[in-house]
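User: Hello! I am new to reading protein models. Could you walk me through this one, feature by feature?

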Amino acid sequence: MAGKSTDSSSCKCCFCNLLIDSSFSDPCEIDILINMDKPKNQQYSQVFYCHMICLKKQFHAEIQQNYFYLESLVKSKNSPD
Ligand SMILES: [Zn+2]
């Protein structure tokens with residue numbers, strides 16, 4: 001199951017169900033908060049793990065192109081100046 005694990009090195013992707021090897025961007029953690037417009041006592045959260053590429057594929061093409069910037073942040077941080 002792709003639920004919360006204390007050992008993120010052996011977690012599975014919630015989209016493809018494959019183990020996530022550590023890489024320049026993986027593993028990714030998805031923190032979901034429901035009822036975000038409600039009082040705190042009516043909010044609930046759940047955590048999943050995934051590959052960044054699997055997460056990105058879930059977004060609409062326009063969102064991927066114009067708003068999904070995590071990859072570029074990681075790449076720019078890891079590239080030599
Ligand atoms: Zn995956």
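Predicted model: local features only at pLDDT ≥ 70, side-chain atom pairs only at ≥ 80, totals over all residues.

User: What is pLDDT, and what does the protein chain average?

Analyst: pLDDT is the predictor's confidence in each residue, from 0 to 100. Here the protein chain averages 87, and 85% of the residues score at least 70. Over residues 1–5 the pLDDT is below 50, and beyond near neighbours in sequence this stretch has seven contacts in the model. A contact is a pair of residues whose C-beta atoms, placed from the backbone, lie within 7 Å.

User: Thanks. Which helices and strands make up the secondary structure of the protein chain?

Analyst: Helices (H or I, at least four residues) and strands (E, at least two) are DSSP runs, numbered from the N terminus. This protein chain has three helices and two strands, and along the sequence they follow the pattern β-β-α-α-α. Confidence is highest in strand β2 (residues 44–50), at a mean of 97, and lowest in helix α3 (residues 70–78), at 81.

User: How many residues of the protein chain are buried, as a percentage?

Analyst: First, the rule: a residue is buried if 20 or more other C-beta atoms lie within 10 Å of its own, exposed if 12 or fewer, and partly exposed in between, with C-beta atoms placed from the backbone. By that count, buried residues make up 11% of the 81 residues in the protein chain. As for contacts between residues at least 6 apart in sequence, 43% join residues at least 24 apart.

User: Let's look at the strands. Is Asp 31 buried or exposed, and why?

Analyst: Asp 31, in strand β1 (residues 28–34), is exposed because 9 other C-beta atoms lie within 10 Å. Leaving out residues up to four places away in sequence, Asp 31 touches Ser 45 and Val 47. Its C-alpha atom is 8.8 Å from that of Tyr 49, a residue 18 places away along the chain.

User: Which residues does Leu 33 touch?

Analyst: Leu 33 also has its place in strand β1. Not counting residues up to four places away in sequence, Leu 33 touches Gln 43 and Ser 45. From Leu 33 to Tyr 44 the C-alpha distance is 5.7 Å, although they are eleven residues apart in sequence. Leu 33 counts as exposed, because it has 9 C-beta neighbours inside 10 Å.

User: Where is Phe 48 placed?

Analyst: Phe 48 is in strand β2. With 19 other C-beta atoms within 10 Å, Phe 48 is partly exposed. Phe 48 and Ile 32 are 16 residues apart in sequence, with 8.1 Å between their C-alpha atoms.

User: And which residues are in contact with Cys 54?

Analyst: Setting aside neighbours within four places in sequence, Cys 54 is in contact with Cys 13, Phe 15 and Cys 16. Cys 54 lies in helix α1 (residues 52–58) and counts as partly exposed, because 17 C-beta neighbours fall inside 10 Å. Between Cys 54 and Cys 28 there are 9.9 Å, C-alpha to C-alpha, and the two are 26 residues apart in sequence.

User: Now the backbone, please. What should I look for there?

Analyst: Most residues other than glycine have a negative phi, and most peptide bonds are trans. In this model, Asn 17 has a positive phi, near 65°. Asn 17 is found in the segment before β1 and is exposed, with 10 other C-beta atoms within 10 Å. Asn 35 has a positive phi near 60°; Asn 35 sits in the loop between β1 and β2. Asn 35 is exposed, with 12 other C-beta atoms within 10 Å.

User: Which form does the peptide bond from Asp 26 to Pro 27 take, and where is Pro 27 found?

Analyst: The bond from Asp 26 to Pro 27 is cis, with omega near 0°. Pro 27 is found in the segment before β1.

How values were computed:
Residues numbered from 1 in each chain as written. Contact = placed C-beta atoms within 7 Å.
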